[in-house]
Amino acid sequence: MVVRVARVCAVAVLCAPWLAGCESWKAPAWWNKAPEPLVEAVPAVEAPPPEITGTVDPPVSPAPGVTPAIRGDIESDLNLGKRFRRAVEKGIPDARKAAEAWMGLAASYDRLRRFELADRAYARAIEIVGPAPEILNNQGYSYIMRGDYARARVKLDAAIAKDPNNPYILANLELLDRSVRPR
């Protein structure tokens, strides 16, 4: 008798997968019950926000009255900055080209709103060729972007004194005047 019960149980266990797909067969409640976990569930803890390290500056809104430059593709801006960086690291023997590379790097930093790095690059360009009107003009525009209109005025006035007919300097002076004019 015990052997017979064991055979019936074995057949029932072996046929259970086929019976589970049958619509007429109703599985007992214990059949579909999810197994209990072996360890107690730990309530989910929300992760703290990532630590701010200062390696990336938060976005800065442009100064009032200044139309922000077209940012374009950030990847192309970054690649352009990397090219200028490689050029200045290479050490260009021609002073004029070296200063141009430093100015390009400074302008790239301005576009990325990394003004402290732009200031260093402008200073290096001035060390090489002196305070050329192009450098002073770019520095003036950099200060306009930051909203530092007093320093922008000093740089742009120095630039226009060296090259009074330069259309870029004149345009930046006009932009500065529009930026500080009350609305």
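**The largest nonpolar core**

Author: Within the largest nonpolar core, which has 14 residues, those that touch the most other members are Val-88, Trp-102, Leu-105, Tyr-109, Tyr-122, Ala-125 and Ile-135. A nonpolar core is a set of buried Ala, Val, Leu, Ile, Met, Phe, Trp, Tyr and Cys residues joined through side-chain atoms within 4.5 Å; buried means under 20% relative accessible area, exposed over 50%, and partly exposed in between (1.4 Å probe, protein chains only). The model is predicted: local features need pLDDT of at least 70, side-chain atom pairs count only at pLDDT 80 or more, and totals for chains, interfaces and linings use all residues. Residues are numbered from 1 along each chain as its sequence is written, and side-chain values use heavy atoms, with hydrogens and water left out.

Helices (H or I, at least four residues) are DSSP runs, numbered from the N terminus. The most comes from H3, with six residues. Leu-105 is in contact (heavy atoms within 4.5 Å) with Gly-81, Phe-84, Arg-85, Val-88 and Ala-121, leaving aside its neighbours within four places in sequence. A second, separate core of twelve residues includes Tyr-143, Tyr-149, Leu-156 and Ile-169. In soluble globular proteins, nonpolar side chains tend to be buried together.

Helix H3 (residues 95-111) also holds Arg-96, which is partly exposed, with a relative accessible area of 48%. Not counting residues up to four places away in sequence, Arg-96 touches Val-129 and Glu-134. Between Arg-96 and Ile-128 there are 7.9 Å in space, C-alpha to C-alpha, although they are 32 residues apart in sequence.

Terms used. Helices (H or I, at least four residues) and strands (E, at least two) are DSSP runs, numbered from the N terminus.
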